[in-house]
Amino acid sequence: MTQPVSNCPNCGAKIVFQWSSSVQTVCTYCKSILVRTDVDLKKVGQVADLPPDSSPIQLNTEGIYHDKAFVVAGRILYQYEQGGWNEWHIVRNDGASAWLSDAQDEYAISFAIPGQTLPAALRVQVGQQYTWNNQTYTVTVITEAHYKGVEGELPFQYWDKTDVTFVDLRSPTGKFATLDYSDEQPALYLGEFVEFDDLKLKNLRQFEGWS
Amino acid sequence: MSAGTPPLPNPPAKPQVKALHCPQCGASITLRSFQQAVTVVCESCHCILDAKDPTLKILQQFQATTGELPPLIPLGTRGKLRGTDYEVIGFQRRSIESDGVRYDWHEYLLFNPYKGFRYLSEYQGHWNDITVCKDLPVVRTGLVPSANYLGESYRHFQTADASTGYVIGEFPWQVRVGERAAVTDYVRPPRLLSCEQSSGETTWSVGEYTYPQEIWKAFNLPGKPPEPIGVFENQPAPATVSVKQVWAAFLALTIFLLGLMAFNDMVASKEPVFTSAYQLNPGTPKGEASFVTDVFELKGRTSNVEIKTSTNVSNSWIYLNYALISQDTGRAWDFGREVSYYSGYDSDGSWSEGSRHDTVIVPSVPPGHYYLRIEPEVDARHPLISYTVVVRRDVPVFRFYGYALVGLFLPVLYVTFKSISFERARWSESDHPILQSESD
């Protein structure tokens, strides 16, 4: 895969896209949020300093999921009243894109599932059940989250957000679903919880006092 | 850009353990879980502080009672649990009240920066190693509700209102003293499934009963752990074998013994070697002289010899002094047998006592030529008594099988009884105590 290369329209730094389908990236140097157009990169915003977090995952962390290698290309950082979590955008070496979420070191991998009929945010209540792809999920928690910033490459434009509603659902078989109401059109993600050790992660962050 | 790309900015610093100070009393505060901490509690003035706030805003201050027990594993202690290093970062006392009595347990929050959080709970010396459920258990309501988790059924144990009474250290959630949660426990020893409901959020966790010695070893703690008191809800029964297994083994051995009995009966020759009938006329004087029988031959290998006496005694008795004598060696086996039979009617109906028959077995008699010396004794005023003596060799003896069965059954009874009393103790603390049956 030839990696598309351009320059940051703000500071001129070289911008390399790890993933050819990336729509948005953040300049490592000047923190400009850059969106790809047909011809070049357009600056759409600026990332303020991300609040410190202590996820062991970082950009370029590599891992294996279902026998396929992936690399972390970007992330969205959220906070809510009980802390923060990351949605890491991971890219498989076959080009598929997925999400590795890390909430207080509880890990899950999910994929965007387009073309489903989804309930309006106001109608959803804890305990309700929904079925997608022949799997029934129960609403366990509705979270009002605050968008805190982005890093790296994302498969869509995502930058001018403030408060976002998420609905988490779980199945009795370790599967989970997330309804993301950050856009006018809700988005559905389906996935499963994963064990840290099973992902065989490399290039992780180091923590002082822990090896 | 001829100068090339600028150098990379410094990578984000390694997360470090933060040393801070309590805004209330100035005591030092350590943040051990880096940015994961949401609330942190000052150990000296018991202020609950906002760990996300750079100035550690005070969220709550509580009064600790003087009798408050300190954590058995001090905050900051590291240990290895199931192959992963964990550090104790938080400690809280929670309680339920039942019939005016407060029951306390303690929870230890453990942290690893890669694996996340894990919990230990301790109640009267009983420990559980707890993680948050990834799969959603399915609750089934019924006479005794149950919950299915990972394909296994857990029985409802108790639903209670738990409140937090004491906290120190840090937590990745908003912790407050006085906070209440409805806690429902389901058990499948050695595991425990717990559902906590508070302010619209439901959290399931699964615990595994852990022996205190394992905790002491994992965290390298000095001294001995406190001895567990009573039976805990998910404590595995102490027997190393299950009651079912013991019964299965017992049944298998019983069937084996019955087979052996049948085999023994089949191969025993039960060969009759001598039969003779005798008669004692009334009025025969007491202590009539003894007599000897004809000689009979015991063939084959050394085996036992059965002497069966059948009489017609009725409300009378006969005593026979026997001697089995070898003609070849002169060796004698002496034995006396009493045969008596009484019967009649009384207010309870008919009754009887004794038997008209007697069987005696002489073990290990070598082959050869033998005869019996018989000396009958009877009552002075006896009726006509006739009796038959039958001698057989190599007869099966089943008495030992009886002993073996009783011997086998005793441990089965013991294990069953122990198990029943253990389960009764376990469930006595639950919402579903095992009721004593009427006959108890």
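## Charges and basis of the model

In chain B, the mean positions of the 39 positive and 46 negative charges are 7 Å apart. Lys and Arg count as positive and Asp and Glu as negative, while His and the chain ends are not counted; each charge is placed at NZ of Lys, CZ of Arg, CG of Asp or CD of Glu. Chain A carries 16 positive and 26 negative side chains, and the centres of these two sets lie 5 Å apart.

This is a predicted model, in which local features need pLDDT of at least 70 and side-chain atom pairs count only at pLDDT 80 or more, whereas totals for chains, interfaces and linings use all residues. Residues are numbered from 1 along each chain as its sequence is written, chains are lettered from A and ligands numbered from 1 in the order in which they are written, and side-chain values use heavy atoms, with hydrogens and water left out.

## Chain A

Chain A contains 0 helices and 15 strands (DSSP runs numbered from the N terminus: helices are H or I of at least four residues, strands are E of at least two). Its radius of gyration is 17 Å, close to the 17 Å that the globule rule gives for 211 residues, so chain A is as compact as a globular protein of that length. The radius is taken over C-alpha atoms, and the rule is 2.2 Å times the number of residues to the power 0.38. The C-alpha trace of chain A spans about 50 × 40 × 35 Å along its principal axes.

Of the 211 residues in chain A, 50% are buried (buried means under 20% relative accessible area, exposed over 50%, and partly exposed in between, with a 1.4 Å probe and protein chains only).

## Chain B

Chain B has 3 helices and 26 strands. Its radius of gyration is 40 Å, whereas a compact globule of 440 residues would have a value near 22 Å. The C-alpha trace of chain B spans about 135 × 70 × 40 Å along its principal axes, and 42% of the 440 residues count as buried.

Ser316(B) belongs to strand β21, residues 316-326. This residue counts as buried because its relative accessibility is 9%. Leaving aside neighbours within four places in sequence, Ser316(B) is in contact with Val339(B), Ser340(B), Tyr341(B), Tyr342(B) and Pro383(B) (contact means heavy atoms within 4.5 Å). Ser316(B) and Pro383(B) are 67 residues apart in sequence, and their C-alpha atoms are 8.1 Å apart in space.

## The interface

The contact between the chains takes 38 residues from chain A and 39 residues from chain B. Together the two chains bury about 3400 Å², of which 57% is on carbon and sulfur atoms; buried area is the accessible area (1.4 Å probe) that two parts lose on being put together, summed over both. Tyr114(B), Lys134(B) and Leu136(B) supply 25% of the area that chain B buries against chain A, more than any other three residues.

## Backbone features

Most residues other than glycine have a negative phi, and most peptide bonds are trans. In chain A, Asp67(A) has a positive phi near 65°. Asp67(A) lies in the loop between β6 (62-65) and β7 (68-80) and is exposed, with a relative accessible area of 77%. Gln104(A) has a positive phi near 50°; this residue is found in the loop between β9 (97-103) and β10 (106-112) and is partly exposed at 25%.

In chain B, a cis peptide bond with omega about 5° joins Pro189(B) and Pro190(B). Pro190(B) lies in the loop between β14 (180-188) and β15 (191-198).
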